[in-house]
Each structure stands twice: as structure tokens, then as C-alpha cells.
Amino acid sequence: MNAAVEGRCVLCRALVQFETGVVPDDGSLRETLRCPRCGCIARQRAVAAMLLDMPARQRARTYLTEQASTLYVALRRRMPGLLGSEWAPSPWRRLRLSAWLWRHRALARVRHQDVTALHFADARLDVVASLDVLEHVPDYAAALREFARVLRPGGRLLLCVPFMPGHEGIETLARTDADGRLVHLQPPEYHGDPMGGGVLCWHRFGLGLLQALRDAGFREAEALPVQDPEAGLPQPVWVISALR
Ligand SMILES: [Zn+2]
């Protein structure tokens, strides 16, 4: 099926036709419905809608755990102070990703950050937004604690993961043993990286993620189905919102 959905893109504010492209077997549109202008897909536009809905002063210092991406480029036009980073320990990779940004007219240099050991001082940020990163972090709880550490009291975490609201806990698909070797507990699942290659998925998140957020230091955590047919989001996209 390849259909188009008309709506107004929350990022570029234009009335456009979002293309579904190839819909996966489960019928989920979260990875599709790309905006022909800014290039952002459904889950990116769902998180952007929640972020842009916040009063500007409450999201002045926003950090996105991605940088060489269509979402970063499109959001930066609306939020010039937007911070971002990539997992890019190699200078060569940072240069390649920076070149991608410059081609997309975002004159910023790509920074490397490890989400389990962020460079920010305590309580430095108003908002942390992270999309489809957490399931690729072996120690996801460490990342949640870091997000809590760098957010100010009252700050907000917006998290997007392949979320299963019908499941109770958090399923571990892979782990490392005492010698640091990778052990698959389930058939390996790799997700596409927009910059090429596949990235191993370590966890599958159900409702246990909300408890994990409270354990990490968040006061409240809820899973919100973001749906807005007029904005090109005809299906709910799960976004986890947690208050520091
Ligand atoms: Zn757009």
C-alpha cells in the first residue's frame, strides 16, 4: 500500500501530502508518513508536536539525543538554541556527520555524547528529547538516570521507543557476559540507522519503562498516544513524557 495523508506539518507548518511509502506488516505508520518538505516521519513529528506545544520559556534549553538528522535540522529552525549530539567517538565519523548537517544548511558541528555519561552539568536543561535511542543502549537505566541528572526540577523528558503498552515489563533481547562478550537471549533484531548499517536492539519496552523512569528519579511518567489526523498523524504514536 502506498497512500498519502494530507495534513499540516507541525515542523514546517505547510499543508502537505505525507506519503506512507511501504507500510510494515504490523500496519504501524510510525516510521512512515514523511513530510515532503522537512523530511520528518510520524514519530519525529509526534515528539515535535509535544515539544512545540510547550511554552517557549519552558523549553529554552532543549537537548535532542541526535544531531545529523532531519528532526534536528527542522527543529533548529524553530528553536535556534537547540542542542544535539550523536554517538560518534571517531573524529572521522563526526566530520562525515557534520558535512551532512552543512549540506542541510545547519551550520553546527556534530558533538559526540554517550547518553550514559553526558557532558552537561546537573540540572542544566529544560527538556531532553530522545527518539528510538534507548532500545539500543545496553544499560538503559544508566541513560535514564543521566537524563534525570541533567534536567532541572520541573524539566521534562520526551522519549520515543518502540513501545508495547500491552506488555508489563521490559524484555531483554541481548546482554554482555562477564568477559564483555555479546550474548543474544532472543533472535537478534537490528534497526536501520539513517546513516547506514543496522543497530542492535537490546530491549523491548512495555509498561515497566514507566516504573524504570520513576526509579531513575522522575516524579511522574506517562505514556501518551499522540494522534492528530489534521497534522498527518492518523494513528497514535506512543510518546513517553516524564517530569523531573
Ligand atoms: Zn515538514
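Predicted model: local features only at pLDDT ≥ 70, side-chain atom pairs only at ≥ 80, totals over all residues.

Colleague: How many helices and strands does the protein have?

Modeller: There are 5 helices and 14 strands.

Colleague: What radius of gyration does the protein have, and what would a compact globule have?

Modeller: A compact globule of 244 residues would come out near 18 Å. The protein has 17 Å, so the two agree. Along the principal axes, the C-alpha trace spans about 50 × 40 × 40 Å. Buried residues account for 37% of the 244.

Colleague: Now the hairpin. In which sense do β1 and β2 pair?

Modeller: First the general idea. Side chains in a regular strand alternate between the two faces of the sheet. Here β1 (residues 4-8) and β2 (residues 15-19) pair in the antiparallel sense, over 5 bridges. E6 stands opposite Q17 in β2. Between the strands lie 6 residues, and R13 in this hairpin takes a positive phi near 60°.

Colleague: And the helix: which residues of α1 are buried?

Modeller: In an α-helix there are 3.6 residues a turn, so residues three or four places apart point the same way. Helix α1 covers residues 42-53 and reaches 16 Å from its first C-alpha to its last, close to the 16 Å expected. Its buried residues are A42, R43, Q44, R45, A46, V47, A48 and L51.

Colleague: What do they pack against?

Modeller: Their partners are α2 (70-78) and the strands β3 (62-64), β5 (125-131), β6 (151-160), β13 (220-228) and β14 (233-243).

Terms used
Residues numbered from 1 in each chain as written. Pairing = 2+ DSSP bridges. Helix = DSSP H or I, 4+ residues; strand = E, 2+ residues; numbered from the N terminus. Expected span 1.5 Å × (residues − 1). Buried ≥ 20, exposed ≤ 12 C-beta atoms within 10 Å, placed from the backbone. Contact = placed C-beta atoms within 7 Å. Rg over C-alpha atoms; globule rule 2.2 N^0.38 Å.
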